[in-house]
Amino acid sequence: MPRSVFVVVTAAGKSERFGGGKKELLRLERGASASAATVLDRAISPFIRLPGLSALVVTAPPGREDEVRSAISPASRAFLEERLGRRFAVVPGGSTRRDSVRLALEAIATFAAGTDAEPQLGEAVVLVHDGARPWASETLVLSVAEAAAERGASVPVTPLVDTPKELGPDGTVTRHPSRASFGGAQTPQGFRFAPFLAAHRRAAAEGVDCTDDAELWDRYVGPVASVPGDPENRKITY
């Protein structure tokens with residue numbers, strides 16, 4: 001397990017595909033009281049007692065930071081504030097997910113500057129998790145963190161259930177790839193902090209966008225290891 005772990009939870013999107021309000025702020029149980037857990041609170045829960053946790057940053061739509069912060073339960077906020085101080089923060093995101101992750105990484109680097117955590121940035125691991133995935137387990141989080149510390153980058157992958165087909169522009173099937181060689185990527189995805197931040201800075205400078213952070217790492221840094229994903233770790237969008 002890495003000595004120092006940073007966590008980024010993304011909640012800065014517009015929830016356009018969800019079609020029912022900002023998904024991370026909703027209560028998980030229909031008709032639940034105001035004290036029931038939100039999607040975001042559950043998404044954060046497997047990280048707050050993580051060994052070596054040194055910072056936890058949540059991204060929010062600009063101007064809605066207080067609203068996003070209030071979607072985290074008072075108990076979780078109090079625990080994180082006591083454990084991390086100002087290194088627990090909700091920060092404004094950017095116009096794309098990539099921008100939002102980079103801004104969160106920059107915030108973590110700023111928090112660490114001039115503190116005991118700064119020398120650990122080179123060895124630290126950062127876990128990036130989607131705030132719309134409220135069912136990740138602590139076991140999965142630990143597995144990703146350990147693999148990222150050992151291999152540099154790690155992503156949880158689940159086997160495909162359906163047989164994949166590649167389609168042409170007109171919808172015609174052009175290729176029938178083997179299902180065994182494909183999988184579905186989940187979050188959290190884990191990376192060594194320093195090269196990951198450098199990769200995000202370079203992508204921003206070059207105007208490069210990627211489907212997820214594992215693709216960005218593969219483009220600028222190197223191979224990405226996989227660990228078994230969890231079928232329960234669904235994205236609430238769907």
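Predicted model: local features only at pLDDT ≥ 70, side-chain atom pairs only at ≥ 80, totals over all residues.
The chain has 238 residues, and 47% of them count as buried. Its secondary structure consists of seven helices and 10 strands.

**Aromatic pairs**

- Searching the whole structure turns up three aromatic pairs.
- In one of them, the ring centres of phenylalanine 6 and phenylalanine 193 are 5.2 Å apart and the planes meet at 75 degrees, so this pair is edge-to-face.
- Phenylalanine 6 is in strand β1 (residues 5-10) and phenylalanine 193 is in helix α6, so the pair ties together parts that lie 187 residues apart in sequence.
- Phenylalanine 6 and phenylalanine 193 are both buried.
- Phenylalanine 191 and tryptophan 217 make a tilted pair, because their planes are at 35 degrees, with the ring centres 5.6 Å apart.

**Where helices α6 and α7 meet**

- Helix α6 covers residues 193-206 and helix α7 covers residues 213-220; their axes are 10 Å apart and the packing angle is about 90 degrees.
- The two helices, α6 and α7, are therefore roughly perpendicular to each other.
- Alanine 198 is another residue of helix α6, and it is partly exposed, with a relative accessible area of 43%.
- Alanine 198 and tyrosine 220 are 22 residues apart along the chain, and their C-alpha atoms are separated by 8.8 Å.

**Arginines over aromatic rings**

- Arginine 49 places its charged end over the ring of phenylalanine 79, at 4.3 Å from the ring's centre.
- Over the face of tryptophan 135 lies arginine 234, 4.3 Å from the ring centre.

**Valine 125, a buried strand residue**

- Valine 125 is found in strand β4 (residues 125-130).
- With a relative accessible area of 0%, valine 125 is buried.
- Its contacts, leaving out residues up to four places away in sequence, include Val5, Phe6, Ala145, Phe191 and Phe193.
- Pro2 is also among the residues that valine 125 touches; the C-alpha atoms of valine 125 and proline 2 are 6.7 Å apart in space, although 123 residues separate them in sequence.

**Around glycine 93 and arginine 97**

- Glycine 93 sits in the loop between β3 (88-92) and α4 (97-112).
- The relative accessible area of glycine 93 is 9%, so this residue is buried.
- Setting aside residues up to four places away in sequence, glycine 93 touches Ala12, Thr59, Ala60, Pro62, Ser100 and Leu103.
- For glycine 93 and alanine 60, the C-alpha to C-alpha distance is 5.4 Å, and the two are 33 residues apart in sequence.
- Arginine 97 lies in helix α4, where it counts as partly exposed at 32% relative accessibility.
- Beyond residues up to four places away in sequence, arginine 97 touches Thr10, Val128 and Asp213.
- Arginine 97 and threonine 59 are 9.5 Å apart from C-alpha to C-alpha, with a sequence separation of 38 residues.

**A cis peptide bond**

- Most peptide bonds are trans.
- The bond from threonine 187 to proline 188 is cis, with omega near 10 degrees.
- Proline 188 is located in the loop between β8 (183-185) and β9.

**The chain as a whole**

- Of the contacts in the chain between residues at least 6 apart in sequence, 73% join residues at least 24 apart.
- The phenylalanine 6 and phenylalanine 193 pair, 187 residues apart, is one link across the sequence to look for in the structure.

How values were computed:
Residues numbered from 1 in each chain as written. Heavy atoms only, no water. Axes fitted to C-alpha atoms, helices over the stretch in contact; angles between N-to-C directions. Helix = DSSP H or I, 4+ residues; strand = E, 2+ residues; numbered from the N terminus. Parallel < 35°, antiparallel > 145°, perpendicular 65-115°, else oblique. Phe/Tyr/Trp six-rings, centres within 6.5 Å; stacked < 30°, edge-to-face > 60°. Buried < 20%, exposed > 50% of the residue type's maximum accessible area, 1.4 Å probe, protein only. Lys NZ or Arg CZ within 6 Å of the ring centre and 35° of its normal. Contact = heavy atoms within 4.5 Å.
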